[in-house]
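I opened this entry to keep track of what I looked up, starting with charged side chains and going on to rings and the surface.

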Amino acid sequence: MNTEMCFPGIKGNDALRARLARDIISGSGLAHAYVIEGRPGSGRRTMAKNIAAALCCERAGSGLPLPCGECPACRKIFAGISPDVITVTREDGKASIGIDTIRDLRTDVHVMPNELDSKIYIIEDADTMTAQAQNALLLTLEEPPAYLVFLLIAENSRNMLETIRSRAPSLRMQPLPPETVAAIAAESSAEAARMRTEDRNAFRGIIMAADGSAGRAIELFEGKEKDAVTARRAAATEFCRIACSRGHGRELLSVLFPYSSGKRDEAAKLLGDISLALRDLALQKKSETAPLRFFADRDEAEALCGEYTLSRLIALYDATEKARDLLLRNANTRLTIFNLMQAAESVGTHKNKG
Ligand SMILES: [Zn+2]
């Protein structure tokens, strides 16, 4: 079977899909455990269900895509009702997965699968397992029953013991291109579909803010954060526009002031957006095809970066990152913002030397 016919339900992540497809089709490279890692909203659970279904699909080898999504095994797995695909989560309110949860699991793994040839455990937030829990899991990983597969969902596998990682190859979910995030969001969220036709600029801004994560985009479109994100992005763009011209302290202040008296967290997020925008402008200066993470419109980035020298962009970026770092370490919001404004002004004053 052609590896391109595998995982039709996974967007992007071509290299990952091809590698898994090879493992699953040949069977020889298949591990008893994988860590599926990436940011929340990056499609880790979708990937886990797809792997489970690909392993158990009743129509494997029939020329249909793998998983087919239609056979009883696939349907049950995608609906979350297969008795042989078991999801393990943190107990309510707990910050970690403790030893008791893994002890129960270790007893359960020896019960043969009900319907399928494999028994698959999806462990959510696996990187929150305590060291004790990980060591207990390791005992099973060292001598797993042949039918057993663990899919460990994690934000960062570095938080897990090396002994686990050496037995569980990492599958790292890659950020999706903005056009793919836009397509998924418009399919999954009525509000996204509405904004795509009625408020195109704000729509594209939210897509960029989701930073390659379809799950995050849907959360933003459906949640309460949307307007704050849009306002922050407008302020960050305006900051870049003003800072590139010679010393406009008053104008800079009008952009930053609303954030200087509000929540520190919002101010830090604004500075994060400004950093990202400045990073885009510096990249755009070097290459017209550099992937942008803040600007949805490359022409806008091109026009803005034409007003800057590279050294000024870098000086502004450094000042912004320094201010953000201070805010994250609980510095006074008003003072930090004021200092950044002064730094931006002085970078502007040296325009002709840059
Ligand atoms: Zn199937």
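I count a salt bridge when a side-chain nitrogen of Lys or Arg is within 4 Å of a carboxyl oxygen of Asp or Glu. The model I am reading is predicted.

**Salt bridges**

I looked up R45 and E124 and found a salt bridge, with the closest N and O atoms 2.4 Å apart. R45 lies in helix α2 (residues 44-56) and E124 in the loop between β3 and α5, so this pair ties together parts that are 79 residues apart in sequence. I noted R45 as partly exposed, at 37% relative accessibility, and E124 as buried, at 13%.

I then searched the whole structure, which holds 26 salt bridges. One of the entries is R17 with D14, whose side chains meet at 3.2 Å, N to O. R17 and D14 are 3 residues apart in helix α1 (residues 14-26), which means about one helical turn separates them. R17 is buried, with a relative accessible area of 17%, whereas D14 is exposed at 54%.

I also looked up R59 and E70, which form a salt bridge at 3.5 Å, N to O. Both R59 and E70 lie in the loop between α2 and α3, and the pair ties together parts that are 11 residues apart in sequence. R59 is partly exposed at 34%, and E70 is partly exposed at 48%.

Which residues are linked with E191 in a network of salt bridges? I found R194, E198 and K226.

**Rings**

I found 3 aromatic pairs in the structure. Among them is Y121 with F150, a tilted pair with 5.6 Å centre to centre and 40° between the planes. Y121 is in strand β3 (residues 119-123) and F150 in strand β4 (residues 148-154), so the pair ties together parts that are 29 residues apart in sequence. I noted both Y121 and F150 as buried.

F294 is buried at 1% relative accessible area, and F295 is buried at 3%. The charged end of R233 sits over the ring of F294, 4.2 Å from its centre.

**R232 and the surface**

I looked up R232 in helix α11 (residues 226-243). R232 is buried at 7% relative accessibility, and its side chain makes a polar contact with the side chain of D273 at 3.4 Å.

Last, I noted a nonpolar surface patch of L253, F257 and F338, with about 260 Å² of accessible area together. F257 lies in helix α12 (residues 249-260) and is partly exposed, at 42% relative accessibility.

Notes: Residues are numbered from 1 along each chain as its sequence is written. This is a predicted model: local features need pLDDT of at least 70, side-chain atom pairs count only at pLDDT 80 or more; totals for chains, interfaces and linings use all residues. Side-chain values use heavy atoms; hydrogens and water are left out. Patches are made of residues with over 30% relative accessible area and no salt bridge: like charges are joined within 9 Å, nonpolar side chains (Val, Leu, Ile, Met, Phe, Trp, Tyr) within 5 Å. Accessible areas come from the Shrake-Rupley method with a 1.4 Å probe; for residues, only the protein chains shown count as cover. Helices (H or I, at least four residues) and strands (E, at least two) are DSSP runs, numbered from the N terminus. Buried means under 20% relative accessible area, exposed over 50%, partly exposed in between (1.4 Å probe, protein chains only). Rings of Phe, Tyr and Trp (its six-membered ring) pair if their centres lie within 6.5 Å; planes under 30 degrees apart count as stacked, over 60 as edge-to-face and the rest as tilted. A charge sits over a ring if NZ of Lys or CZ of Arg is within 6 Å of the ring centre and within 35 degrees of the ring normal. A polar contact is a pair of N or O atoms within 3.5 Å; within protein, one must be able to donate a hydrogen and the other to accept it, and residues adjacent in sequence count only if both atoms are side-chain atoms.
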